[in-house]
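Kindly read each point alongside the coordinates.

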Amino acid sequence: MDTSPVQDPKRPHVVIIGGGFAGLNAARRLGKAPVRVTLIDRNNYHLFQPLLYQVATAGLSPAEIAHPIRSVVRKQQNTEVLMGEVVGVDKEGRSVRLADGKTISYDYLVLATGSVYNYFGHEEWARFAPSLKTVTDATHIRRNILVAFEQAEMESDEAKRRALLTFVVVGGGPTGVEMAGAIAELAHRALASDFRYIDPQHTRILLVEAVPRILNAFPEHLAQRALEKLVRLGVEVRTNAMVQAVDEYGVVISGDRIDSPNVIWAAGVLGTEPGEWLGAETDRIQRVKVGPDLSVPGHPEIFVLGDTAFVPDPDGKPLPGVAPVAMQQGRYVADRIRARVEGHGGFPPFRYRDKGNLATVGRSFAIADFGRMSFGGFFAWLIWIVVHIVYLIDFQNRMLVLTQWAWSWFTFHRGARLIVREEPRQWPGG
């Protein structure tokens with residue numbers, strides 16, 4: 001009886017940790033390679049993180065931006081998927097350890113575990129200012145936003161009502177800008193006529209950035225256009241503003257206390273555990289410093305990709321933590337592993353092909369930077385839509401998202417406004 005490719009002990013075993021853009025692209029690229037592939041993730045789905053903010057603001061449901069990993073690789077006879085949490089790596093023994101105590105040996109190891117948000121030494125703030133990295137984060141934030149409007153509708157105290165209708169987004173990068181714009185459109189358009197005792201159009205949205213301007217990765221003229229669009233949407237933008245404290249009922253920004261139970265964190269990221277697992281050199285935000293081929297120095301069989309890796313561009317600056325970088329790295333490492341298994345030498349170092357940078361700001365407006373060409377407006381927004389639809393992993397997801405966006409654009413309706421019951425937060429004394 002023939003041995004299944006995924007069980008053939010003669011084939012080198014490639015273990016991939018993480019089913020995000022980097023890990024999944026590596027696994028798919030190895031689908032026809034003469035190797036065994038084991039893809040391990042703590043979730044059973046691949047998540048399209050760039051659209052999480054739309055889940056958090058009731059524009060999309062989680063199922064529209066996530067897809068089961070097993071379904072993605074089901075036709076790959078050499079690939080298996082395990083739902084588990086890796087807690088350690090034995091470099092010398094070439095194995096990974098799972099939280100349940102099991103170990104899995106490897107010939108090649110690909111670590112693509114992503115990143116977490118950086119609270120800059122104040123991890124206790126995470127309890128009051130949730131970040132946006134997972135489906136759980138997004139649905140939690142969505143619940144907080146929608147509950148705030150419901151509580152404001154029943155609140156007779158004007159000060160508490162104003163606080164409930166105040167939203168603070170910390171971080172002026174693409175996620176923070178997109179989040180602030182989406183909250184503004186939710187409040188000022190989608191919810192505008194839904195309530196009887198409050199006017200959602202009076203909602204206050206603040207976007208806070210510690211440096212002199214928002215969207216530092218974009219040219220200044222595009223950042224300025226995005227700022228102008230945010231202001232037209234009713235967003236207050238504060239730059240050169242430091243968050244000094246966050247608690248259950250508000251935030252202190254450069255000495256100014258703002259009452260709000262609705263603080264959302266989108267400021268900076270940290271690499272995850274691989275640096276600690278490997279005992280490897282990392283940069284100041286815990287990304288593993290890898291070689292030109294994305295392998296760990298001294299361990300050519302271990303690769304680190306995506307947000308977990310520090311990879312410099314030709315100018316020495318780290319590559320951005322965006323989907324195209326992770327996808328290209330995943331495909332590159334898969335090709336490199338296949339070349340080594342098949343005995344091909346002379347493989348070139350990784351080189352990122354920059355296809356541009358996009359960010360959307362509310363309805364029908366985006367900015368696009370393609371190096372020699374940069375612009376903003378409706379056409380940039382159409383490009384943003386096409387790119388995000390193409391990057392979605394499954395045809396069904398693409399059609400669902402496109403249909404939902406079209407419906408929302410014509411009707412201003414947000415269909416995913418569901419509140420999952422939890423104990424509501426209460427203000428002191430009532």
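This is a predicted model: local features need pLDDT of at least 70, side-chain atom pairs count only at pLDDT 80 or more; totals for chains, interfaces and linings use all residues.

1. Residues are numbered from 1 along each chain as its sequence is written, and side-chain values use heavy atoms, with hydrogens and water left out.

2. Helices (H or I, at least four residues) and strands (E, at least two) are DSSP runs, numbered from the N terminus. The axes of helix H1 (residues 21-29) and helix H9 (residues 323-341) come within 7 Å and cross at roughly 35°, where axes are lines fitted to C-alpha atoms, for helices over the stretch in contact, and angles run from 0 to 180 degrees between N-to-C directions. The crossing of H1 and H9 is right-handed, that is, the near helix is turned clockwise from the far one by less than a right angle. On the H1 side the contact (heavy atoms within 4.5 Å) is made by Phe-21, Ala-22, Asn-25, Ala-26 and Arg-29, and on the H9 side the residues include Met-327, Gly-330 and Arg-331.

3. For helix H10 (residues 378-391), the 14 residues should span 20 Å at 1.5 Å a residue, and the end C-alpha atoms are 20 Å apart, which agrees; the expected span is 1.5 Å times one less than the number of residues. Among the buried residues of H10 are Trp-381, Trp-384 and His-388, where buried means under 20% relative accessible area, exposed over 50% and partly exposed in between (1.4 Å probe, protein chains only).

4. Strand E1 (residues 13-17) is mostly covered, since 5 of its 5 residues are buried. His-13, Val-15 and Ile-17 point one way from E1, and Val-14 and Ile-16 the other way. E1 runs parallel to strand E2 (residues 36-41), to which 5 bridges join it, and two strands pair if DSSP finds at least two bridges between them. Val-15 stands opposite Thr-38 in E2.

5. An open sheet of 3 strands has the order E6-E7-E8 with antiparallel pairing, and its edge strands are E6 (86-90) and E8 (103-105). Within it, 4 bridges join E6 to E7 (residues 95-98), and Val-89 stands opposite Val-96 in E7.

6. Val-269, found in strand E18 (residues 269-271), is partly exposed, with a relative accessible area of 30%. Leaving aside neighbours within four places in sequence, its contacts include Tyr-117, Lys-133 and Ile-285.
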